[in-house]
Amino acid sequence: MARTWFAPLVVVTAAALIVTGCTSGKKHQDSTSPASGGTSAVDPNNLVAQVFAAVGAAQSFHVVGSGKDQNMPYSLDVRFGNGGGSGYFTQGSARFDLIGHGADTYVKTAAANWRATIGKKPDVAALAARLAPHWVRVPTDQQAFGQLLDYVSKDHFVQSYQQSAAAGSGPFRKDGETTVNAIPATIYEDTKDNSKIYIAASGPPLLLKVDSAASDGGGGLTITDYNKPFSPAQPPSSDIVDYTSIVK
């Protein structure tokens, strides 16, 4: 599978990646937005770790992002919960719909995208045509598909960029107050690239929004619906095929 499948998560800037830094399982608040009581005492010099802990403790959230990578537009819209995740991402004119349900990961996309994934096989066109109408269960234990877990597993999403984020972000400086989707937020600017992150001003320091740097193609992401119950629906069994049973 081409690396470009994963560009939306890869290129949203180092600051954006701080959403992906901590394992789940910590005590969480049973609400769909940051708590109204208290004030998040965020130290700009330790901001990455504090946001890692807050987002990692959430049981669910909704990520929407967009931008450009080498002048090619991309977008991302995924909901994550404890049972998996579902949504889509696009790159240029290509769209990939995804569902992660338990241990299984499913992809639905056009034949042209499957042809690029399958690569050089004499019957590649016929194989791609067989896959295209269906939800395709892909083997994420294979390197070619492994990173799709970043789009369908909350824990994978949260963990996948911890190391690069910690190494590549900051130092940050406080840059004012605002609201994001009616939630009071504190703005922090990454002094390395002038990207901005918006952190809940009350309760846990949850990441609400990222404005990516112009040098990284602009765009950004928002994260909403923290701890709002979500479970992805499994595709109908009649519409599922196994990649490895068709592409051998």
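**A walk through the model**

Guide: This is a predicted model. One place to start is Gly-83, which counts as partly exposed because its relative accessibility is 35%.

Visitor: Where does Gly-83 lie?

Guide: Gly-83 sits in the loop between strand 2 (72-81) and strand 3 (84-91).

Visitor: Which residues is Gly-83 in contact with, leaving aside neighbours within four places in sequence?

Guide: Gly-83 is in contact with Gly-100, His-101, Gly-102 and Pro-232.

Visitor: Now the whole protein. How many helices and strands?

Guide: There are 9 helices and 12 strands.

Visitor: And what percentage of the residues count as buried?

Guide: Of the 248 residues, 50% count as buried. The protein exposes about 11,100 Å², and carbon and sulfur atoms supply 50% of that area.

Visitor: What about contacts between residues at least 6 apart in sequence?

Guide: Among those contacts, 60% join residues at least 24 apart.

Visitor: Which residues have the most contacts inside the largest nonpolar core?

Guide: They are Phe-61, Trp-114, Ile-118, Leu-131, Leu-207, Tyr-226 and Tyr-243, in a core of 55 residues. The largest share of this core comes from helix 2, with 6 residues.

Visitor: Is helix 2 enclosed or open, then?

Guide: Helix 2 (residues 47-57) is largely enclosed by the rest of the structure, because 8 of its 11 residues are buried. The buried ones are Leu-47, Val-48, Val-51, Phe-52, Ala-54, Val-55, Gly-56 and Ala-57.

Visitor: Which residues are buried in helix 3?

Guide: In helix 3, Asn-113, Trp-114, Thr-117 and Ile-118 are buried. Viewed down the helix axis, the buried residues of helix 3 fall within an arc of 135°, so they line one face.

Visitor: Why would residues a few places apart point the same way?

Guide: An α-helix has 3.6 residues a turn, so residues three or four places apart point the same way.

Visitor: What do the buried residues of helix 3 pack against?

Guide: Their partners are strand 4 (94-101), strand 5 (104-109), helix 4, strand 6, helix 5 (143-146) and helix 9. Just after helix 3 comes Gly-119, with a positive phi of about 85°.

Visitor: And helix 4, which residues are buried there?

Guide: Val-124, Leu-127, Ala-128 and Leu-131 are the buried residues of helix 4 (residues 124-131). They are on the same side of helix 4 because they cover an arc of only 100° around the axis. These buried residues pack against helix 3 (111-118), strand 6 (135-137), strand 12 (240-242) and helix 9 (243-246).

Visitor: Back to Tyr-243. What does Tyr-243 touch, not counting residues up to four places away in sequence?

Guide: Tyr-243 touches Trp-114, Thr-117, Ile-118, Leu-131, Val-136, Arg-137, Val-138, Pro-139 and Phe-145.

Visitor: New topic. How many salt bridges does the structure hold?

Guide: The structure holds 10 salt bridges. One of them joins the side chains of Arg-95 and Asp-97, at 2.8 Å from N to O. Arg-95 counts as partly exposed, at 40% relative accessibility, whereas Asp-97 is buried, with a relative accessible area of 18%.

Visitor: How about Asp-104 and Arg-137?

Guide: Their side chains meet in a salt bridge, at 3.9 Å from N to O. Asp-104 lies in strand 5 and Arg-137 in strand 6, so the pair ties together parts that are 33 residues apart in sequence. Asp-104 is partly exposed, with a relative accessible area of 28%, and Arg-137 counts as partly exposed at 25% relative accessibility.

Visitor: Which residue forms a salt bridge with Lys-108?

Guide: Asp-239 does, with the closest N and O atoms 3.2 Å apart. This pair links distant parts of the chain, 131 residues apart: Asp-239 is in the loop between strand 11 (220-224) and strand 12, and Lys-108 is in strand 5. Salt bridges that share partners also join Asp-104, Arg-137 and Asp-242 into one network.

Visitor: Last one. Is Thr-186 buried or exposed?

Guide: Thr-186 counts as buried, at 8% relative accessibility. Thr-186 is in strand 8 (residues 183-190), and its side chain makes a polar contact of 3.0 Å with the side chain of Glu-177.

Methods
Residues are numbered from 1 along each chain as its sequence is written. This is a predicted model: local features need pLDDT of at least 70, side-chain atom pairs count only at pLDDT 80 or more; totals for chains, interfaces and linings use all residues. Side-chain values use heavy atoms; hydrogens and water are left out. Buried means under 20% relative accessible area, exposed over 50%, partly exposed in between (1.4 Å probe, protein chains only). Helices (H or I, at least four residues) and strands (E, at least two) are DSSP runs, numbered from the N terminus. A polar contact is a pair of N or O atoms within 3.5 Å; within protein, one must be able to donate a hydrogen and the other to accept it, and residues adjacent in sequence count only if both atoms are side-chain atoms. Contact means heavy atoms within 4.5 Å. Accessible areas come from the Shrake-Rupley method with a 1.4 Å probe; for residues, only the protein chains shown count as cover. The arc is that of the directions from the helix axis to the C-beta atoms. A nonpolar core is a set of buried Ala, Val, Leu, Ile, Met, Phe, Trp, Tyr and Cys residues joined through side-chain atoms within 4.5 Å. A salt bridge is a side-chain nitrogen of Lys or Arg within 4 Å of a carboxyl oxygen of Asp or Glu.
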